[in-house]
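Open the model in your viewer and keep the selection panel at hand. The stops below go from the whole chain to single residues.

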Amino acid sequence: MQAKSPEESKTILTDMVLPGETNPLNNLFGGELLARMDRAASISARRHSRRIVVTASVNHVAFNRAVPSGSVVTVEAKVSRAFKTSMEVFIDVWIEDRESGKKTKANEGIYTFVAVDATGNPIAVPELIPVSQLEKERFDAALRRKQLSLLLSGKIKPSEATALKALFE
Ligand SMILES: CC(C)(COP(=O)(O)OP(=O)(O)OC[C@H]1O[C@@H](n2cnc3c(N)ncnc32)[C@H](O)[C@@H]1OP(=O)(O)O)[C@@H](O)C(=O)NCCC(=O)NCCS
């Protein structure tokens, strides 16, 4: 399988926030934003693997800024690292100023997807080679995040989390 760059999986979803998607403060409801992030990230993982993909875990989401009703929201997803059958996807969320068009970062998230065959069994994905400085930083830290997620979900023992142990040595 030929290695791919993060750019090849780049996925951008731009949409408005409508009144039915808000909380009582008229800001975008968190679950609605998570769904938009999941959709963009899923397409990104599919573009990288060209397989059926399923969300394995949501490793991190930061709701740093509220997104008011009527905002134009852009969700940008790119695969940050591919392992054997799983892919980490970084999602950046931007809000666009109506008058200037300037985009401000509002939120971000990190999801993990697994490529599966038609019966739902995990299947190998192409390697990812990061290009930009940011892509390299995200790639380098992805193994720690994978091990932390596996540790928290009880799928590995602390002694197997080698990349995490290295942080404290
Ligand atoms: C995701 C799923 C395919 C993993 O199956 P599994 O039996 O745990 O398979 P494996 O143990 O072989 O793990 C497959 C890969 O997922 C990774 N993985 C599994 N759970 C993970 C987690 N919580 N965090 C990060 N990675 C995880 C494994 O490390 C492995 O990665 P690698 O092959 O790249 O090294 C399976 O749990 C599943 O189908 N879950 C339901 C998915 C779904 O329906 N999502 C939508 C939400 S409703």
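Begin with a pair of residues: select Ala62 and Glu108, which is the bridge partner of Ala62 in strand E5. The model is a predicted one, in which local features need pLDDT of at least 70, side-chain atom pairs count only at pLDDT 80 or more, and totals for chains, interfaces and linings use all residues. Residues are numbered from 1 along each chain as its sequence is written.

**The whole chain**

Colour by secondary structure. The protein has three helices and five strands, in the sequence pattern β-α-β-β-β-β-α-α. Helices (H or I, at least four residues) and strands (E, at least two) are DSSP runs, numbered from the N terminus.

Now show the C-alpha trace, which spans about 50 × 35 × 35 Å along its principal axes. The radius of gyration of the protein is 17 Å, which agrees with the value near 15 Å that a compact globule of 169 residues would have. That radius is taken over C-alpha atoms, and the globule rule is 2.2 Å times the number of residues to the power 0.38.

Of the 169 residues, 32% are buried. A residue is buried if 20 or more other C-beta atoms lie within 10 Å of its own, exposed if 12 or fewer, and partly exposed in between, with C-beta atoms placed from the backbone. Two residues are in contact if their C-beta atoms, placed from the backbone, lie within 7 Å. Among contacts between residues at least 6 apart in sequence, 70% join residues at least 24 apart.

**The sheet**

Select the strands. They form an open sheet of five in the order E1-E3-E4-E5-E2, with antiparallel pairing. Strand E1 (11-16) and E2 stand at the edges with a single partner strand each, so one side of each has no neighbour in the sheet. Neighbouring strands are turned by 25° against each other on average, direction ignored. Two strands pair if DSSP finds at least two bridges between them.

Go through the pairs one at a time:

- Strand E3 (residues 72-82) runs antiparallel to E4, and 10 bridges join the two. Val75 stands opposite Val93 in E4.
- Strand E4 (residues 86-96) pairs with E5 in the antiparallel sense over 11 bridges. Here Ser86 stands opposite Val114 in E5.
- Strand E2 (residues 52-63) and strand E5 (residues 103-116) are antiparallel and joined by 10 bridges. The opening pair, Ala62 and Glu108, belongs here.

Next, centre on Gly101. This residue takes a positive phi near 80° in the hairpin of E4 and E5, which has six residues between the strands.

Axes are lines fitted to C-alpha atoms, for helices over the stretch in contact, and angles run from 0 to 180 degrees between N-to-C directions.

**Around the ligand**

Which residues come nearest to the ligand? Of the 18 residues around the ligand, they are Phe83, Lys84, Thr85, Ser86 and Ser149. The elements that give two or more residues to this shell are E2, E5 and helix H2 (133-152). A residue is near a molecule if its C-beta atom, placed from the backbone, lies within 6 Å of it. E2 gives the largest share, four residues.

By class, the shell has seven nonpolar, eight polar and three charged residues. Ala, Val, Leu, Ile, Met, Phe, Trp, Tyr, Cys and Pro count as nonpolar, Asp, Glu, Lys and Arg as charged, and the others, Gly among them, as polar.

Select His48, in helix H1 (residues 30-49). Buried or exposed? His48 is buried, with 26 other C-beta atoms within 10 Å. Not counting residues up to four places away in sequence, its contacts include Lys4, Glu8, Val79, Met87 and Leu128. Ser5 is 43 residues from His48 in sequence and 8.6 Å away in space, C-alpha to C-alpha.

Move to Lys78, in strand E3. Lys78 is buried, with 26 other C-beta atoms within 10 Å. Leaving aside neighbours within four places in sequence, Lys78 is in contact with Pro6, Ser9, Lys10, Ser44, Val89 and Phe90.

**Two loop residues**

Finish in the loops. Asn26, between E1 and H1, has a positive phi near 65°. Asn26 counts as exposed, with 12 C-beta neighbours inside 10 Å. Arg50 is in the loop between H1 and E2, and its phi, near 55°, is positive in a residue other than glycine. With 12 C-beta neighbours inside 10 Å, Arg50 counts as exposed.
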